[in-house]
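Biologist: Before we go into any detail, could you take me through how a model of this kind should be read, feature by feature?

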Amino acid sequence: MDPGGGVCSRIDVLESIPDILAKKFVIMVDDYEREGEKRMVDLITQKLTDNEIKFHLGYYNGLKEVCVIVSQNLGFLTTL
């Protein structure tokens, strides 16, 4: 749920990028094996690039896949 009390989907956060990001940020997208989540990550990374925000991508595989998008200063989180 969003702070206003309504329900929002994960893709709704795209509208708020980059305004909601701190200098250090981590965006985790679970269920990355799904095409919709992969497309969402593409849209988020494009928006970060368009706003000249440097970032790193990491992927974790298990029963489910997770993608992490982190600020440049937290790049080590993509190597765990």
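**Reading the fold and its details**

Modeller: Let us begin with the order of the elements, which from the N terminus on run β-α-β-β in the chain, so that the chain holds one helix and three strands. This is a predicted model, and confidence therefore deserves a look before geometry does.

Biologist: How does the radius of gyration of the chain stand against that of a compact globule?

Modeller: The idea is to set the value against what a globule with that number of residues would have: for 80 residues that is near 12 Å, and the chain has 13 Å, which agrees. Along its principal axes, the C-alpha trace spans about 35 × 30 × 20 Å. Of the 80 residues, 26% count as buried, and the chain exposes about 5,500 Å², of which carbon and sulfur atoms supply 54%.

Biologist: Among contacts between residues at least 6 apart in sequence, how many join residues at least 24 apart?

Modeller: In this chain, 49% of those contacts join residues at least 24 apart. For an individual case, take Leu 43, which is found in helix α1 (residues 35–50). Leaving aside its neighbours within four places in sequence, Leu 43 is in contact with Ile 11 and Leu 14; Leu 14 is 29 residues away from Leu 43 in sequence, yet the two C-alpha atoms are 7.6 Å apart in space.

Biologist: Is Leu 43 buried, exposed or partly exposed?

Modeller: Buried means under 20% relative accessible area and exposed over 50%, so Leu 43, at 28%, counts as partly exposed. Leu 77, in the segment after β3, also counts as partly exposed, because its relative accessibility is 23%.

Biologist: Which residues does Leu 77 touch, not counting those up to four places away in sequence?

Modeller: Leu 77 touches Val 26, Tyr 60, Val 68 and Val 70 when those neighbours are not counted. Arg 39, by contrast, lies 38 residues from Leu 77 in sequence and 22 Å from Leu 77 in space, C-alpha to C-alpha.

Biologist: How should I read the backbone angles, and where is the peptide bond that is cis?

Modeller: In general, most residues other than glycine have a negative phi, and most peptide bonds are trans. Here the bond from Ile 17 to Pro 18 is cis, with omega near 15°, and Pro 18 lies in the segment before β1. Phi is positive at Asp 31, near 60°, and at Glu 52, near 55°.

Biologist: Where do Asp 31 and Glu 52 lie, and is each of them buried or exposed?

Modeller: Asp 31 has its place in the loop between β1 and α1 and counts as buried, because its relative accessibility is 11%. Glu 52 is found in the loop between α1 and β2 (55–61), and at 74% relative accessibility Glu 52 counts as exposed.

Biologist: Finally, how many positive and negative side chains does the chain have?

Modeller: The chain has 9 positive and 13 negative side chains, and the centres of the two sets lie 5 Å apart.

Note on methods
Residues are numbered from 1 along each chain as its sequence is written. This is a predicted model: local features need pLDDT of at least 70, side-chain atom pairs count only at pLDDT 80 or more; totals for chains, interfaces and linings use all residues. Side-chain values use heavy atoms; hydrogens and water are left out. Helices (H or I, at least four residues) and strands (E, at least two) are DSSP runs, numbered from the N terminus. The radius of gyration is taken over C-alpha atoms; the globule rule is 2.2 Å times the number of residues to the power 0.38. Buried means under 20% relative accessible area, exposed over 50%, partly exposed in between (1.4 Å probe, protein chains only). Contact means heavy atoms within 4.5 Å. Accessible areas come from the Shrake-Rupley method with a 1.4 Å probe; for residues, only the protein chains shown count as cover. Lys and Arg count as positive and Asp and Glu as negative; His and the chain ends are not counted. The place of a charge is taken as NZ of Lys, CZ of Arg, CG of Asp or CD of Glu.
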